[in-house]
Amino acid sequence: MDLLTLLFFVPACFALNMAPGPNNLLSMSNAKRYGVRMACLAGIGRLAAFVVMIALAASGLATVLYTSEKLFLLIKVLGAGYLFWLAFQLWGAESGDEDMAAAPMGLWGLSRQEFLLAAGNPKAILIFTAFLPQFVTPGGDVAFQFLILGALFLVLEWVAIIGYACFGAFLRHWFSRPAMRRLFNRTCASLLASAGIGLLVARRE
């Protein structure tokens, strides 16, 4: 892998990392409720899911997973169902406090949310089966190249987590009144539900 390949990979990858997907939206919402530090630590759950996907992509198993119609359908239905559940919780959250539900969640619960949301997104599988291999040189050490590209992806994803968490904390000051918190919660819930619908209508092509 040459330097020119990496120079093309980094900006293209970072654009994917910064896209306002479900996980980034969750980081923003978590930061608003629990603070930037907690939201960033919870993002480790997302990174763990991506590590598994990168390993599958490097071994070739992700291609089998993505091309299997039944497995693809199962993943997207489960992922969409989880998004709808999060949207339902967020829509009904009390506007008088900062939490999404009546009882505050700990780091483990928030990390598990991030992991399940990332693992249930078939579009993430597409990134690692169709996007990363474009920057791999077939004649070189494929496993090592996947390691480098995967590590760069995770670093840039961590930057995205921090960025969205900081933005969520910034919004906390703008939504201090109960009515504004309700608006924020329901807007996020609507976006999560829309992402769930997007997963349901997604096609492998």
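Helices (H or I, at least four residues) are DSSP runs, numbered from the N terminus. The expected span of a helix is 1.5 Å times one less than its number of residues. This is a predicted model: local features need pLDDT of at least 70, side-chain atom pairs count only at pLDDT 80 or more, and totals for chains, interfaces and linings use all residues. Residues are numbered from 1 along each chain as its sequence is written, and side-chain values use heavy atoms, without hydrogens and water.

**Exercise 1.** Compare the reach of helix 3 with its expected span.

Step 1. Helix 3 covers residues 36-59, 24 residues.
Step 2. From first to last C-alpha it reaches 35 Å, close to the expected 34 Å.
Step 3. Gly60 follows helix 3, with a positive phi near 90°.

**Exercise 2.** Describe how helix 2 and helix 6 pack.

Step 1. Helix 2 (residues 22-34) and helix 6 (residues 107-119) pack at about 165°, axes 10 Å apart. Axes are lines fitted to C-alpha atoms over the stretch in contact, and angles run from 0 to 180 degrees between N-to-C directions.
Step 2. Helix 2 is therefore roughly antiparallel to helix 6 (an angle over 145 degrees).

**Exercise 3.** Is Glu157 buried or exposed?

Step 1. Glu157 lies in helix 8 (residues 142-174).
Step 2. Its relative accessibility is 5%, so Glu157 counts as buried (under 20% relative accessible area, 1.4 Å probe, protein chains only).
Step 3. Beyond four places in sequence, Glu157 touches Asn17, Asn24, Arg46, Leu47 and Phe50.
Step 4. Arg46, Leu47 and Phe50 are among the buried residues of helix 3.

Methods
Helix = DSSP H or I, 4+ residues; strand = E, 2+ residues; numbered from the N terminus. Buried < 20%, exposed > 50% of the residue type's maximum accessible area, 1.4 Å probe, protein only. Parallel < 35°, antiparallel > 145°, perpendicular 65-115°, else oblique. Contact = heavy atoms within 4.5 Å.
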